[in-house]
Amino acid sequence: MTTQTFTENIYGTSQLKSSFEAYKLALKLCVTAPDEVKKNKALEIAEMLEKQVSETGIEQARNEVEKELTDD
């Protein structure tokens, strides 16, 4: 699944322009998904997108998502 396909599935449009942004969204969805099925799908997507993000980017994304979720 490409970044564009992922964002089209989530938003109906390809708003996100990078694998990093898509990875962050997938991580956030893993935590906030309303049920186990959606959580597992988001996890599957996050694992796939993780291959397209650098190690530094992975850590940065995790830190940013954690901060976003704790600030809410």
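The predictor's confidence in each residue is called pLDDT and runs from 0 to 100. In this protein the pLDDT averages 83, and 75% of the residues score at least 70. The structure is a predicted model, in which local features need a pLDDT of at least 70 and side-chain atom pairs count only at pLDDT 80 or more, while totals for chains, interfaces and linings use all residues. Residues are numbered from 1 along each chain as its sequence is written, and side-chain values use heavy atoms, with hydrogens and water left out.

The secondary structure comes to four helices and zero strands, where helices (H or I, at least four residues) and strands (E, at least two) are DSSP runs numbered from the N terminus. Read from the N terminus on, the elements run α-α-α-α. Confidence is lowest in helix 1, residues 3-11, at a mean of 58, and highest in helix 4, at 93.

Taken as a whole, the protein exposes about 4800 Å², of which carbon and sulfur atoms supply 50%; such accessible areas come from the Shrake-Rupley method with a 1.4 Å probe, and for residues only the protein chains shown count as cover. Buried residues make up 29% of the 72 residues, with buried meaning under 20% relative accessible area, exposed over 50%, and partly exposed in between (1.4 Å probe, protein chains only). A contact is counted when heavy atoms lie within 4.5 Å, and among contacts between residues at least 6 apart in sequence, 50% join residues at least 24 apart.

The interior comes next. In soluble globular proteins, nonpolar side chains tend to be buried together. A nonpolar core is a set of buried Ala, Val, Leu, Ile, Met, Phe, Trp, Tyr and Cys residues joined through side-chain atoms within 4.5 Å. The largest such core here has 13 residues, of which Tyr 23, Ala 26, Leu 27, Ala 46 and Leu 49 touch the most other members. Helix 2 (19-32), helix 3 (36-50) and helix 4 (55-71) each supply at least two residues of this core, and the largest share, five residues, comes from helix 2.

Helix 2 itself has 14 residues and reaches 20 Å from its first C-alpha to its last, close to the 20 Å expected at 1.5 Å a residue, the expected span being 1.5 Å times one less than the number of residues. Its buried residues are Ser 19, Ala 22, Tyr 23, Lys 24, Leu 25, Ala 26, Leu 27 and Cys 30. Met 48 is partly exposed, with a relative accessible area of 24%.

Side chains of opposite charge can pair when their charged atoms come close. The structure holds seven salt bridges, each a side-chain nitrogen of Lys or Arg within 4 Å of a carboxyl oxygen of Asp or Glu.

Lys 24, which lies in helix 2, counts as buried at 17% relative accessibility. Leaving aside neighbours within four places in sequence, Lys 24 is in contact with Ala 61, Glu 64, Val 65 and Glu 68. The side chains of Glu 64 and Lys 24 meet in a salt bridge at 2.6 Å, N to O; because Glu 64 lies in helix 4 and Lys 24 in helix 2, the pair ties together parts that are 40 residues apart in sequence. Lys 24 also meets Glu 68 in a salt bridge, at 3.2 Å, N to O, and since Glu 68 lies in helix 4, this pair ties together parts that are 44 residues apart in sequence. Glu 64 is partly exposed, with a relative accessible area of 25%, and Glu 68 counts as partly exposed at 29%. Lys 24, Lys 28, Glu 64 and Glu 68 are linked in a network of salt bridges.

Another salt bridge joins the side chains of Glu 59 and Arg 62, at 3.8 Å, N to O. These two residues are three apart in helix 4 and so are separated by about one helical turn. An α-helix has 3.6 residues a turn, so residues three or four places apart point the same way. Glu 59 counts as partly exposed at 42% relative accessibility, and Arg 62 counts as partly exposed at 39%.
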